[in-house]
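Here is a short briefing to read alongside the model. Please have the sequence and the 3D view at hand.

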Amino acid sequence: MTTRYRVEYALKTHRRDQLIEWIKGLLAVPFVLHSQPTIIYQENSEGLSTVAADTYQRYAEILRDVENLINDHIRHHARNAPGKSKLKLLVPSVGTFFTQLHLEDAFRFQDDHRLISRRRFVAPSFNDVRLILNSAQLLGLVRSSEVQLVTFDGDVTLYDDGTNLMPDSPVIPRILRLLQRGRKVGIVTAAGYEDAPKYYGRLQGLLDAVHESKILTPAQKQGIVVMGGESNFLFRFDPTSDCRLTYVARDEWLLEDMQAWREDDIKELLDLAEAALRACATNLRLPAAVLRKDRAVGVYPVNGARIHREQLEETVLVVQNAVERSSVGSRLPFCAFNGGNDVFVDIGDKSWGVRVCQQYFGGIDPSKTLHIGDQFLSAGANDFKARLASTTAWIASPAETVDLLDELETVISS
């Protein structure tokens, strides 16, 4: 149901993306001024076409202006003065852009598919803007340089939440084509397994397809890695292994900054997070147990229970606040996130995981890296930090991942 509760809940800060909301607000103005809901589609198609053309033009002009503001923000960042850009004043949470965003061209592409400008009763939505930004990012990547590395989240990005990547998944042939074209691929997942067979269970369809491919060369097959626990466990493709993966020792891939992470700090942070998780489990009466791992700690449901979304988000925010206010939280990066029916705190985050993949493949630049994921809200979303290390695309389902990869192929070949 659509109620005041749902509206107010969606307006909570931790569930909003300020840039998307700001653009959506700009587009709402021409929608209100130009829309003609009294025009009936069948009775006055000429009037409808005129209104749609006017609305289309205004949307395109607004997105061109936003594109110019982003370009100005990029120039300020290049001069080491990002805080002085006009965009930063308008959208204080806006971060770094590694490429230009071709918003006007992206709008024209998405409008052709979603017919945004022809809608009379439904204004441009969050999803409309999100997909426009995705298309603009693909155009920016291809026009400014080239895509050398594509990293993927797991759940909801490559496969449905709680399932595995099966052999019949339509995303598999598209990833194989990326490898065939010389692109590198990283699966950067929150799943924090320390042994390869468990990752093989989640990614069997893809790993078997790579192993059995007659098109990929041995070198191209080595272009895929799995980074687990956000940034804690690296596995490379191994054709001689039954599970297609081999663990890569930490001393072979740790970034220089990661080498400064002290084991006593890691223990202290996880102890603090565990205490906060246990307090939440008690206070909120969660039907959950606590699980402590080498580089993570979390709560997960027991006996097939479901934990309410509000309880999950409350737990994330409580734990995140507790760790951020501590001294160890300022020394050591961490990620507290809502996994859909559990909450975990990992050492490091996906920005570090993406950087490890970039270094592992020879030092790929952020402007030539694309991370695809489904969790980009400011709290409780573990793809959010990937924006610090690469360009990103925000998808909402594995089907959208397929569409995005098809769009990327089209942009590259055009």
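Predicted model: local features only at pLDDT ≥ 70, side-chain atom pairs only at ≥ 80, totals over all residues.

Residues are numbered from 1 along each chain as its sequence is written, and side-chain values use heavy atoms, with hydrogens and water left out.

**Helix 6 and helix 14**
- Helix 6 (residues 126-144) packs against helix 14 (residues 398-413) at about 35°, with the axes 10 Å apart; helices are DSSP runs of H or I with at least four residues, and strands are E runs of at least two.
- Axes here are lines fitted to C-alpha atoms over the stretch in contact, and angles run from 0 to 180 degrees between N-to-C directions.
- Contributors to the contact (heavy atoms within 4.5 Å) include Leu 131, Leu 138 and Val 142 of helix 6, and Leu 404, Leu 408 and Val 411 of helix 14.

**Helix 8**
- Helix 8 (residues 196-212) has 17 residues, yet its end C-alpha atoms are only 18 Å apart, short of the 24 Å that a straight helix would reach at 1.5 Å a residue; that expected span is 1.5 Å times one less than the number of residues.
- A kink of about 90° is centred on Leu 203, the bend being the angle between axes fitted to the seven residues ending there and the seven starting there.
- Leu 203 is among the buried residues of helix 8, where buried means under 20% relative accessible area with a 1.4 Å probe, protein chains only.
- Cover for the buried residues of helix 8 includes helix 7 (171-180) and strand 3 (224-228).

**Asp 265**
- Asp 265 sits in helix 10 (residues 263-283) and counts as buried because its relative accessibility is 7%.
- Leaving aside residues up to four places away in sequence, Asp 265 touches Val 328, Arg 331 and Leu 332.

Definitions and conventions:
Buried < 20%, exposed > 50% of the residue type's maximum accessible area, 1.4 Å probe, protein only.
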